[in-house]
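Please keep the sequence and the model in view while reading.

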Amino acid sequence: MATKNQTSSSHGSCESDCKEIHDSWGRLNHIVQALASKNQLERLQIRETYMEIYGEDLISHLQMAQITSQSQSYESGLSPKMSAALSMWMLGPHERDAVVARDALDQQSDINYKSLVEIFVGRKSSHVLLIKQAYQTRFRRQLDQDIVNIEPPHSFQRILVALAASHYAHQADVSQHIAKCDARRLYQTGEGRSGAIDETVVLEVLSKRSIPQLKLTFSCYKRIYGHDYTKSLKNENYGEFEDALKTVVKCIYNPPKHYAKTLYASIKGTTTDKGALLRVMVNRAEVDMDEIQKVFKKKYGVELSDAIFENIPSGDYRDFLISIATKTATDIS
């Protein structure tokens, strides 16, 4: 009986949220904080209930508001950035990643490889499969094929193809023995010999091992050779492939550190990855934002929410980002 009452209460609250959104369409900025406080399940319920009641997809409505706001009429009462942020926030995780992947590939000559790496490295194989399905449904295209067809070819492209394959061809359990063997292979075909790194061996390892297995391999590398694998990639004679590989390895080996550095660079405006701040805040909010915030504070001596407050112009967009950071901090306290 208690469960039934709780479900009924939750549904009633969801209907109330939908009514408030619908009735406040010209001044949505006043409920941004309320939406920012919703968890993934609650946001999904709001989207489904809104469709049931009003026959409209809330995401599509928000995206139309974004287009309208860009023409300066601000129909929803939201800034263009805030409309985009709410659209991304209200999407389900695999659908959101599909949109991020398409946006990254749409850059043509300036493809955002970093955001693609974060998808293939930061998601479980089951999630990656759902991303590909969402990508195909939404854009009528194959994500793997779009990556293969990137022109001109790039080192990141070859690594991404290998990472995509890794989600099909690996054992479920991690192995210390395999990790040690792979670490030795990476050493012998990298810093353990003169000349360029053997890309074939690296790509083979990346394509045949799961992300947890690769993480263990890089841990074994450090234990055996006394330094991170990325340190071996800093040879002055190395080029594009090694630079790309460094980014991938850092994202695999220490995700919180990778994301903390990405956030800091974005907040300070020292990166060309313009969408990084929103992407990381939204995508990692219910994954590992607590760890990211701890690393951020330790590395930069300031709370993430304070850094956002001090460096992002005042407005609903800044308030939204701070709400996500504060919500995460509250959830883990």
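## A proline between two helices

Pro-152 is placed in the loop between helix H9 (143–148) and H10; helices (H or I, at least four residues) and strands (E, at least two) are DSSP runs, numbered from the N terminus. The peptide bond that leads from Glu-151 to Pro-152 is cis, and its omega is near -5 degrees.

The model is predicted, so local features need pLDDT of at least 70, side-chain atom pairs count only at pLDDT 80 or more, and totals for chains, interfaces and linings use all residues. Residues are numbered from 1 along each chain as its sequence is written, and side-chain values use heavy atoms, with hydrogens and water left out.

## The chain as a whole

The secondary structure comprises 19 helices and zero strands. Of the 333 residues in the chain, 47% are buried; buried means under 20% relative accessible area, exposed over 50%, and partly exposed in between (1.4 Å probe, protein chains only).

A contact means heavy atoms within 4.5 Å. Among the contacts in the chain with a separation of 6 or more, 70% are accounted for by residues 24 or more positions apart.

## Two other loop residues

Arg-140 is found in the loop between helix H8 (125–139) and H9. Its phi is near 55 degrees, a positive value in a residue other than glycine. Arg-140 counts as exposed, because its relative accessibility is 69%.

His-167 belongs to the loop between H10 and helix H11 (176–188). With a relative accessibility of 11%, His-167 counts as buried. Leaving aside residues up to four places away in sequence, His-167 touches Phe-120, Arg-123, Lys-124, Ser-125 and Val-128.

Cys-14 lies in helix H1 and is buried, at 5% relative accessibility. Apart from residues up to four places away in sequence, Cys-14 touches Gln-45, Ile-46 and Thr-49. The C-alpha atoms of Cys-14 and Gln-45 are separated by 6.8 Å, although these residues are 31 residues apart along the chain.

Glu-20 also lies in helix H1 (residues 2–23), but it is partly exposed, with a relative accessible area of 35%. Glu-20 touches His-30 and Ile-31, again not counting residues up to four places away in sequence. Between the C-alpha atoms of Glu-20 and Ile-31 the separation is 8.3 Å, and the two residues are 11 residues apart along the chain.

## Aromatic rings

Rings of Phe, Tyr and Trp (its six-membered ring) pair if their centres lie within 6.5 Å; planes under 30 degrees apart count as stacked, over 60 as edge-to-face and the rest as tilted. By this rule the count comes to 12 aromatic pairs. One of them is the stacked pair of Tyr-113 and Phe-156, with 5.3 Å centre to centre and 15 degrees between the planes. This pair links distant parts of the chain, 43 residues apart, since Tyr-113 is in helix H7 (residues 113–122) and Phe-156 in helix H10 (residues 155–166). Tyr-113 is buried, with a relative accessible area of 9%, and Phe-156 is buried as well, with 12%.

The rings of Tyr-264 and Tyr-300 are stacked because their centres are 3.8 Å apart and their planes are at 0 degrees. Tyr-264 lies in helix H15 (residues 255–268) and Tyr-300 in helix H17 (residues 289–300), so this pair ties together parts that are 36 residues apart in sequence. Tyr-264 is partly exposed, with a relative accessible area of 28%, and Tyr-300 counts as partly exposed at 24%. Elsewhere, ring pairs join Tyr-187, Phe-218, Tyr-221, Tyr-225 and Tyr-229 into a cluster.

## The contact of H15 with H17

Two packed helices are described by the angle between their axes and the distance between the axes. The axes of H15 and H17 come within 8 Å and cross at roughly 65 degrees; axes are lines fitted to C-alpha atoms, for helices over the stretch in contact, and angles run from 0 to 180 degrees between N-to-C directions.

Residues of H15 in this contact include Pro-256, Leu-263, Tyr-264 and Ile-267, while those of H17 include Ile-292, Val-295, Phe-296 and Tyr-300. By class, the contact has 10 nonpolar, no polar and four charged residues. Here Ala, Val, Leu, Ile, Met, Phe, Trp, Tyr, Cys and Pro count as nonpolar, Asp, Glu, Lys and Arg as charged, and the others, Gly among them, as polar.
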